[in-house]
Amino acid sequence: LSQDELAKQLYKKAIDKMLNMKSFKTNIRNYSKGYVYKKQPVKEAKIATSVNYVVFQRPRKLFMKIVESEVASLLNTKLFTDGGPDMKIKVPGILGLFTFTFPVDKPELSSYRGYSALDIDPITLETRLSSKDAKVKLLGSSSMNGQSAYLFEVTNIKTLDDKITKEIIGVRQSDFSIMVHEMYE
């Protein structure tokens, strides 16, 4: 096989795995750097890191619990969306007795790039990555957390904003599950 054909075949296995996954539970380490705060442009870059325990179930149910954050007050915050226009939130402490409901695109719930939870959920990711127009390049393989992974560069897809020029996908070689997803300007 040519390098291009090999890349297409391996990438197709990863996309098929993603499209056929009915549910999953995992911890996701997030890093976001951008010039947006509460959906308004800012001059200085804002950076956020966190680890979220995530449970996903089709058609589009997403539960997240913040388990690591540089903002201590966010620890153990729980968020839930069923893909609809609202997000339910339970915060730690005495207010945790109540469930708050906000629009999923509420500026205070967006990332420092202006993305909502539905902009970065598994359904949006698989929709973008499975584009027939995607150009895929196999960058090679690597070891991540002691597991072998294929690394792909994906371009020519509808990105989340016009500054993104490429996305890097790391796929576990043993079962073609996505291990890494990165977006670059």
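Reply: Start with a facing pair: Gly 140 stands opposite Leu 151 in β8. Keep in mind that this is a predicted model.

Me: What makes β7 and β8 partners?

Reply: Two strands pair if there are at least two bridges between them. Nine bridges join β7 to β8, so they count as paired. The two run antiparallel.

Me: Which sheet do they belong to, and in what order do its strands come?

Reply: An open sheet of four strands, ordered β7-β8-β9-β10. Its pairing is antiparallel.

Me: Why are β7 and β10 called edge strands?

Reply: Each has a single partner strand, so one side of each is left without a neighbour in the sheet. β10 covers residues 178-184. On average, neighbouring strands of this sheet are turned by 20° against each other, direction ignored.

Me: What packs on this sheet?

Reply: α1 does, touching β7, β8, β9 and β10. The direction of α1 makes about 75° with that of β7. α2 packs on the sheet too, touching β8, β9 and β10. The direction of α2 makes about 75° with that of β10.

Me: How many residues are in the largest nonpolar core, and which have the most contacts inside it?

Reply: It has 18 residues. Tyr 11, Leu 129, Phe 152 and Val 154 have the most contacts inside it. α1 (3-20), α2 (122-129), β7 (135-144), β8 (147-155) and β9 (166-172) each supply at least two of its residues. The largest share, six residues, comes from α1.

Me: What does Val 154 touch, not counting residues up to four places away in sequence?

Reply: Val 154 touches Tyr 11, Leu 129, Ala 134, Lys 135, Lys 166, Glu 167 and Ile 169.

Me: Now the other sheet. What is the order of its six strands?

Reply: β1-β2-β3-β4-β5-β6, open and with antiparallel pairing. β1 (23-37) and β6 stand at the edges. Each has a single partner strand, so one side of each lacks a neighbour in the sheet. The twist averages 30° from one strand to the next.

Me: How do you know that β5 pairs with β6?

Reply: The cut-off is at least two bridges. Four bridges join β5 (residues 86-90) to β6, so the pair qualifies. Here Lys 88 stands opposite Thr 101 in β6.

Me: What makes the link between Asp 121 and Thr 124 a polar contact?

Reply: The distance cut-off is within 3.5 Å for a pair of N or O atoms. The side chains of Asp 121 and Thr 124 make their contact at 2.9 Å.

Me: Why is Asp 82 called partly exposed?

Reply: Its relative accessible area is 47%. Buried means under 20% and exposed over 50%, so Asp 82 falls in between. Asp 82 sits in the loop between β4 (78-81) and β5. The side chain of Asp 82 reaches the backbone nitrogen of Gly 84 at 3.0 Å.

How values were computed
Residues are numbered from 1 along each chain as its sequence is written. This is a predicted model: local features need pLDDT of at least 70, side-chain atom pairs count only at pLDDT 80 or more; totals for chains, interfaces and linings use all residues. Side-chain values use heavy atoms; hydrogens and water are left out. A nonpolar core is a set of buried Ala, Val, Leu, Ile, Met, Phe, Trp, Tyr and Cys residues joined through side-chain atoms within 4.5 Å. Buried means under 20% relative accessible area, exposed over 50%, partly exposed in between (1.4 Å probe, protein chains only). Contact means heavy atoms within 4.5 Å. A polar contact is a pair of N or O atoms within 3.5 Å; within protein, one must be able to donate a hydrogen and the other to accept it, and residues adjacent in sequence count only if both atoms are side-chain atoms. Axes are lines fitted to C-alpha atoms, for helices over the stretch in contact, and angles run from 0 to 180 degrees between N-to-C directions.
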